[in-house]
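Open the structure in your viewer and keep the selection tool at hand. The stops below say what to select and what is there.

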Amino acid sequence: MTRPFYTPADVSGDYSAIGDPGSYPFTRGRLRGSSGWIQRELSGEGSPRRSNEQLRSLLAHGALGVDVIGDNPTMSALDPDHPMCVPAVGTTGVSLCRKQDFLELLDGIPLDRITLSHSLPPAFAIAGQYLAARDSGLDPAVLRGSAIQPPMYSQDCSYSTFLPFGIRMRLTLDSIVFSLREMPRFHAFLEDTYYISDGGLNIVEEMSLGLLEIREVCRRLLARGLPVDSFAPRIAILVNCRMDLFAEIAKIRATRRLYARMMREEFGATDPRSWSVNIAVHTSGLTLTAAQPANNIVRGAMQALAMAMAGVQGLEISTFDEPFRTPSDIAHQLAIRTQQIIEAETNVGAVQDPLGGSWYLESLTDELEGKIGDAIRRTENLGDLGALVENGYFRNIFTAAMDRHSSAVQQGELRIVGVNEHVVPLEDDQFLRDVAEERFRPDLDHIERIRAWRTERAQRPLLASLDGIRAASADSDADLLRPIVAALDADATIGEITGCLREGQGLPADPFNFAAVAR
Amino acid sequence: MSTGTVPPAGPADGRPGRVVIGTLGLDQHEVGAMAISQLLVRHGYEVIYLGRFNTPERLAAVAAQEDADIVGVSVHSWEFTAYADELLGRCRELGVGLIFGGSVLTETDRADLLARGADAVFGPYASEEGMLREIGSTVDRVRGGAVSASRRTGDPAAPPSLAGRVVIVTGAARGLGRAYALELSRQGAAVIASDVDETALKDAVADMPGSAHPVACDVTAADAPRLLLDAALRRYGQVHGLVSNAGVLRSGPILRLDDDDLRLLLDVHVTAAFRLLRVTGGYWRAEAKAGRTVDAAAVLTTSAAGLYGFRAEAAYSAAKAAVAMLTVVAADELTRYGVTVNAIAPAARTGMTEWLGGAPGGPEVDPWAAEHVAPVVAWLLGGAAREITGRVIEAGGGQISVPAAWQPGTPHSLPLLMSPAQAQTLLPQVLSEAGPPRGLLKPEHPQHPAS
């Protein structure tokens with residue numbers, strides 16, 4: 001419970017537990033260069049070509065990185081011409097299912113100068129980006145960016161790819177190993193606590209679940225014989241930021257400290273780069289409201305300011321039209337401008353961790369560190385995490401969180417302007433609605449393009465590459481990434497590859513049969 | 001909701017309400033479905049939770065199997081627009097209630113889904129109390145048999161309904177177009193009403209009882225068809241019908257009608273209709289190729305002028321004749337994609353028929369009122385006319401008929417390199433065997449009651 005004010009008695013007074021910026025335990029973050037944080041926005045809409053234009057437009061507005069999300073079919077690892085996909089192609093992200101799509105998406109994007117973050121099924125994103133770089137004459141070793149690895153929670157949190165946990169985990173481990181070797185500057189393991197928490201998890205749940213997944217993946221990489229210092233510097237975390245701003249800043253500071261201790265003391269990392277985690281943030285879509293959408297611009301600006309003061313490495317603002325759609329052009333521009341104004345005009349980036357030493361913030365940081373650590377230990381004491389995933393343990397947490405959030409809003413415990421306070425009738429709430437509520441159609445032309453292209457492919461290498469996927473899937477010791485890269489290179493689609501991954505596990509290729517059986 | 005007030009959770013008969021809950025298609029955001037399920041369970045409902053990846057077929061099948069009262073769909077993606085009509089149809093067939101809820105549902109969606117027949121629609125942060133009240137009363141209605149098949153087949157007493165169909169009507173601000181749009185709306189169709197006169201259009205739309213959306217545009221603009229289709233898809237997610245009705249009259253004998261009037265007549269009547277067919281037909285073809293059942297109908301507008309000719313209306317008559325033939329050829333081309341194309345040759349008292357004089361009274365007593373043609377157009381757009389295509393129907397003034405089309409005459413042999421003398425012998429013979437000519441044209445409509 002928050003008190004009216006805080007005093008020196010609320011903090012330990014031991015500065016070594018906090019440390020300088022750039023020093024263990026990295027409470028205050030890494031030492032940041034003069035370039036500040038990576039300003040980027042979530043993008044992707046329609047066909048790869050249309051999304052490419054969107055990326056170019058964002059970069060032209062001054063974005064320093066790009067983050068690409070797939071449409072519902074792409075996030076489900078299904079091809080756009082699958083019957084279940086047609087109504088959803090391109091409406092909530094970019095449609096990607098083949099090597100050519102990655103080439104078109106990234107055409108002319110200076111991948112050697114900007115960072116490319118994937119909010120996409122990671123193994124395919126890494127393979128696709130690798131091939132796109134190679135085919136456009138760029139050494140994949142220069143690629144920077146990140147790929148979200150969601151083996152534990154994706155099935156329960158909106159991004160099901162209809163693959164069993166074992167295969168999801170292998171895809172994570174194999175794509176990290178592939179990336180460490182081929183794309184050593186790339187963060188192949190982005191732990192995304194945004195998407196798991198934006199259904200209403202609290203801060204302690206968000207970060208404990210995120211750190212649990214990091215720990216599980218790290219243990220499995222160590223079990224494969226990889227030294228911790230070979231992969232730990234390539235781990236990053238993408239966190240959420242809601243409206244309780246001091247709590248969100250404290251969360252980031254607590255997470256840095258937990259991460260540093262975990263890496264050094266539990267996993268035995270000795271390279272300081274392994275101790276300091278890279279944290280980026282995506283501001284919360286759940287905090288934005290369909291009522292009075294312009295208010296969301298204010299919310300995004302305040303969250304972004306807080307995150308700039310928290311010293312994050314990368315920042316994405318959920319745009320004002322987020323309750324309705326993927327970002328419109330003007331919303332993208334406003335979000336980038338918000339970041340630019342904070343960076344260029346407010347001077348908050350001039351001093352690292354400017355809020356450090358606040359009795360309130362330090363007390364909150366200590367408190368969250370304790371609670372998150374306790375939650376991690378409690379869960380790990382329950383037994384094997386893979387079993388917990390499959391038993392629905394985490395799913396119950398997600399369900400309860402949304403229910404708790406709804407009740408809190410209904411009962412006014414969570415105050416939201418325009419929703420349970422200062423509500424205005426719809427006729428007085430028209431500002432920016434035209435942009436926010438604008439809709440566009442699924443990209444039927446792209447579906448036709450994919451259909452026509454399918455028949456033009458050279459069959460023999462394609463079929464051979466898909467056999468390679470089935471064989472690798474069936475062999476639990478086999479690497480999955482090389483066969484996936486080879487199959488994409490032979491013009492296999494992501495839907496075909498995942499179908500073969502399922503077949504290798506004795507499951508039907510079509511996920512809807514699989515889904516029906518699994519339920 | 002305070003803890004003291006327990007809303008009327010259960011149905012009146014005391015048995016717990018049974019609700020099937022899930023999302024549609026690839027809409028993976030499941031948290032809303034989870035939250036509403038928890039709420040319902042807390043209030044004594046039995047929830048059959050289907051989670052994600054449902055089709056209308058699956059939701060309805062489970063509702064039937066589980067003897068559910070309501071299908072509840074949680075919506076976090078625009079995909080729902082592609083499935084809503086089918087799901088509504090299936091729920092109506094079963095006599096089961098259908099409720100949509102979700103954060104992306106706008107007030108517009110709410111109005112549209114309700115107009116199409118949904119029992120309730122909940123937007124972002126809808127009040128729990130309100131949701132429980134509406135869900136409870138839906139269960140009561142379902143158990144009282146009020147939510148039953150309005151489109152059940154084989155029941156001739158049930159009026160043909162256009163519920164769930166989305167129709168574009170051009171020239172909808174006044175006259176016949178306005179009457180068509182009103183009738184379509186009355187029969188349950190969602191209408192994209194278009195006209196060049198924005199003010200009159202808004203008035204017309206305000207009168208429509210169902211869901212209607214005005215799109216002011218000039219049908220002769222090259223991008224107008226696209227604009228209309230996009231508006232329909234953005235608004236309703238799909239399109240099932242087109243009524244190409246916009247028209248204009250420029251009278252004058254050939255020797256006096258100038259190029260501007262000629263061009264206008266051809267643009268409005270022929271080019272605009274052609275382009276509308278090309279754009280909507282392209283959309284329907286894409287739907288068909290995407291594996292979805294297309295059940296679409298286009299109604300073009302010809303005229304007695306185009307079929308028989310009006311005196312001193314050469315350009316107008318030629319344009320309307322072109323529409324009649326466009327109907328026949330378009331029907332031939334589009335039938336393979338599930339599209340019917342027919343034409344109406346209306347006769348009615350409108351702004352274009354001042355010669356008919358003022359109305360003697362309301363449509364109840366005036367056989368020339370546009371309202372009498374509208375049910376014919378509505379029928380052509382409905383399920384009962386799926387087999388009807390390539391036809392022209394003349395209606396109005398108390399009569400309806402199917403005019404006879406051009407027919408090949410009795411063939412005679414045409415000599416090779418016929419000489420002028422041979423021609424002089426042959427042609428009078430051929431013409432006389434063909435029967436008498438059509439005769440002199442009458443000025444405008446031949447059966448004008450007031451003349």
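Domain bounds, used at a later stop, come from an automatic or database domain assignment. The model is predicted: local features need pLDDT of at least 70, side-chain atom pairs count only at pLDDT 80 or more, and totals for chains, interfaces and linings use all residues. Residues are numbered from 1 along each chain as its sequence is written, while chains are lettered from A and ligands numbered from 1 in the order in which they are written.

**Stop 1: confidence in chain A**

Then select residues 514-519 of chain A, where the pLDDT is below 50. Beyond near neighbours in sequence, this stretch has six contacts in the model; two residues are in contact if their C-beta atoms, placed from the backbone, lie within 7 Å. Where pLDDT is low, the predicted coordinates should not be read in detail.

**Stop 2: where chain A meets chain B**

Select the contact between the chains: 38 residues come from chain A and 33 residues from chain B. On the chain A side, α2 (72-75), α15 (393-410), α17 (444-454) and α21 (511-518) each supply at least two residues. Helices (H or I, at least four residues) are DSSP runs, numbered from the N terminus. Which helix gives the most to this side of chain A? That is α15(A), with seven residues.

**Stop 3: the domains of chain B**

Select residues 18-143 of chain B for domain 1, then 166-401 of chain B for domain 2. Taken over C-alpha atoms, the centres of these two domains of chain B are separated by 36 Å. Six residues of domain 1 of chain B are in contact with six residues of domain 2 of chain B. On the domain 1 side, α3 (80-94) and α4 (107-116) of chain B each supply at least two residues, and the largest share, four residues, comes from α4(B).

**Stop 4: the nonpolar cores**

A nonpolar core is a set of buried Ala, Val, Leu, Ile, Met, Phe, Trp, Tyr and Cys residues joined through C-beta atoms within 7 Å; buried means that 20 or more other C-beta atoms lie within 10 Å of a residue's own, with C-beta atoms placed from the backbone. The largest core has 192 residues, and those with the most contacts inside it are Ile484(A) and Val71(B). Helix α9 (residues 245-266) of chain A gives the most to this core, with 10 residues. Centre on Ile484(A): among the residues it touches are Ala123(A), Phe124(A) and Ile497(A). Finally, select Ile192(B), Ala304(B), Ala343(B) and Ala347(B), which are included in a second, separate core of 85 residues.

Methods. pLDDT is the predictor's confidence in each residue, from 0 to 100. A residue is buried if 20 or more other C-beta atoms lie within 10 Å of its own, exposed if 12 or fewer, and partly exposed in between; C-beta atoms are placed from the backbone. Lists of a residue's contacts leave out its neighbours within four places in sequence.
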